[in-house]
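Open the model in a viewer and keep the sequence panel beside it.

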Amino acid sequence: MRRLEVGIVGTGYVGLVTGACLAHLGHSVVCVDIDREKVESLSRGEVPIYEPGLEEVVGGALRQERISFTTDLPATVERVDVLFIAVSTPPGEDGAADLSNVASVAREIGASLARRGEKSPLVVVNKSTVPVGSGDYVSMLIEEGAEGRDVSYYVVSNPEFLREGSAVYDTLFPDRIVIGTDSREASEAMRELYAPIIEQSFPTSYDPRPKAAVPFIVTDLASAEMIKYAANAFLATKISFINEVAAICDLVGADVTNVAHGIGLDSRIGSRFLSAGIGWGGSCFPKDVSALRSIAREYDYESTILDAVVAVNDRQLKQVVSKLQRELHTLKGKRVALLGLTFKPNTDDMREAPSLKIARTLDSLGARVVGYDPVATGPASEAVPQMKVVTDPYAALSGAHAAVVVTEWDEVRNLDPKQVAGLMAAPKLVVDGRNVLDPASVEERGLLYRGFGRG
Ligand SMILES: NC(=O)c1ccc[n+]([C@@H]2O[C@H](COP(=O)([O-])OP(=O)(O)OC[C@H]3O[C@@H](n4cnc5c(N)ncnc54)[C@H](O)[C@@H]3O)[C@@H](O)[C@H]2O)c1
């Protein structure tokens, strides 16, 4: 394996994991961020996000001097072979992706390219999720930044599919690597960079190894950019679909968990992403579905399926409130415990977490909301100051008239129903927003169980 000099701009969930894993594979990595404090703490080996296994990989790479952190993008442009852009692309007001971070990085790359002298063309890799056509936009901004100087570079799209909560695993053992470029040199450089993953030749403690080899797919730029949006939109659609089925199950007296199991065994359908409940949230699905709808609108195309996918998801959140109202009647003065606050387990990411919307709605209806999360207590109370946030689930449940399972952390799944029943106030309602509890064993202990689509 040839050791490449790699730069990564943006040290968030995607950039930091990518950088640390590439260093782990043997490359020499420089991570760049505008956040000076973050750069300083990362240089000391302090990882500012909760991501299983990440601290170990960053620590190992630091010890082997294969990773460093800086705010100096021009010096990084000067020295690396491959430069990733992995900055945030949050949703703008109209739902379209806000590309201002990507744009400022691209201009600065352009302004610094001339410092490379005779070095081979820089491969600029866009890993941020960006609308179709952004590759060309990045090239345009690089040229703008270069101000007429003769500079050589390639722009490549390399969408990221990692899941927060298992980001390190997903980076080392991905289902596929997608590269969008028209340049053979650039795709070969990317193949070289990812060779240890493609060939699964790096040492691992997994026995057996989870993957034998990883497909490496090269497409044109626009298709690679579209693959990312289509993948997330499809997954969101799968969840909204099963939620629609769950609503009908409730009407006809069927149990959606049985239905999902029965259809999921069909290999054309697959069993994953078929859990009915509160619906999808987080930093990716809402923004990516909204960006794809916005792209469709730009071309005056009505994205009927995607519109329905969002409508169903919005309805799921309302259902939490209506399930509480049906049993508690007025919510004024009622104590409601939200169990799990992050948008999914094993992450501290609170962006677009369903818990925040639920907490705000319940608060506006007069309920006293107490939230529990094993990790994201600080960000949750910052986001909804009216919600009291505790670190002990039983403290959240004490005196609560109702509890909502919002995030299926193990700490929530494994709560002792007997102890819970002893602490709660009548009617001791448990709304299982993730359908992860066993209704019979919960009800046996005197709790009132309400799931989603369970008849
Ligand atoms: N988080 C995920 O699970 C995930 C998965 C796949 C794709 N993505 C995409 O990857 C991109 C990054 O997402 P993330 O979750 O890692 O974001 P993040 O918010 O966690 O991190 C972004 C980082 O970029 C830095 N940054 C912003 N502007 C900068 C600039 N001009 N120069 C240098 N650094 C800058 C920020 O300080 C921050 O550290 C987004 O486009 C996202 O849609 C995210």
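**Stop 1: the ligand and its shell**

Select helices α1 (13-25) and α5 (100-112): each of them supplies at least two residues of the shell around the ligand. The largest share comes from α5, with three residues. Note before going further that this is a predicted model.

Now show the whole shell. It has 26 residues, of which Asp33, Lys38, Thr89, Glu164 and Lys287 come nearest to the ligand. Coloured by residue class, the shell divides into nine nonpolar, ten polar and seven charged residues.

Next, colour domain 1 (5-219) and domain 2 (235-450) separately. Why does the ligand lie between them? Both domains give residues to the shell around the ligand, so the ligand is placed between the two.

**Stop 2**

Zoom in on aspartate 33 and draw a distance from its side chain to the ligand. A polar atom of that side chain is 2.6 Å from a ligand oxygen. Glutamate 164 also uses its side chain, with a polar atom 2.7 Å from a nitrogen atom of the ligand. For valine 14, display the backbone instead: a polar backbone atom there lies 2.9 Å from an oxygen atom of the ligand.

**Stop 3: threonine 76**

Select helix α4 (residues 73-79), where threonine 76 is located. Threonine 76 has a relative accessible area of 3% and is therefore buried. A polar atom of its side chain lies 2.8 Å from the backbone oxygen of aspartate 72.

**Stop 4: cysteines**

How many disulfides does the structure hold? The count is zero. Select cysteine 31, which is in no disulfide; its nearest cysteine sulfur belongs to cysteine 21 and is 11 Å away. Cysteine 31 is buried because its relative accessibility is 0%.

Then move to cysteine 284. The closest cysteine sulfur to its own is again that of cysteine 21, at 17 Å, which is too far for a bond. Is cysteine 284 buried or partly exposed? Its relative accessibility is 30%, so cysteine 284 counts as partly exposed.

**Stop 5: backbone geometry**

The last selections concern the backbone. Most peptide bonds are trans, and most residues other than glycine have a negative phi.

Begin with the peptide bond from aspartate 207 to proline 208, which is cis, with omega near 0 degrees. Proline 208 sits in the loop between α8 (184-198) and β8 (216-219).

Go on to the loop between α17 (417-423) and β13 (429-432), where proline 427 is found. The peptide bond from alanine 426 to proline 427 is cis, with omega near 10 degrees. Lysine 428 lies in the loop between α17 and β13 too. Although lysine 428 is not a glycine, its phi is positive, about 55 degrees. With a relative accessibility of 23%, lysine 428 counts as partly exposed.

Finish at histidine 329, in the loop between α12 (304-328) and β9 (335-339). Its phi is near 60 degrees, a positive value in a residue other than glycine. Is histidine 329 buried or exposed? Its relative accessible area is 58%, so histidine 329 is exposed.

Conventions: Residues are numbered from 1 along each chain as its sequence is written. This is a predicted model: local features need pLDDT of at least 70, side-chain atom pairs count only at pLDDT 80 or more; totals for chains, interfaces and linings use all residues. Side-chain values use heavy atoms; hydrogens and water are left out. A disulfide is a pair of cysteine sulfur atoms within 2.5 Å. Buried means under 20% relative accessible area, exposed over 50%, partly exposed in between (1.4 Å probe, protein chains only). A residue is near a molecule or strand if one of its heavy atoms lies within 4 Å of it. A polar contact is a pair of N or O atoms within 3.5 Å; within protein, one must be able to donate a hydrogen and the other to accept it, and residues adjacent in sequence count only if both atoms are side-chain atoms. Helices (H or I, at least four residues) and strands (E, at least two) are DSSP runs, numbered from the N terminus. Ala, Val, Leu, Ile, Met, Phe, Trp, Tyr, Cys and Pro count as nonpolar, Asp, Glu, Lys and Arg as charged, and the others, Gly among them, as polar. Domain bounds come from an automatic or database domain assignment.
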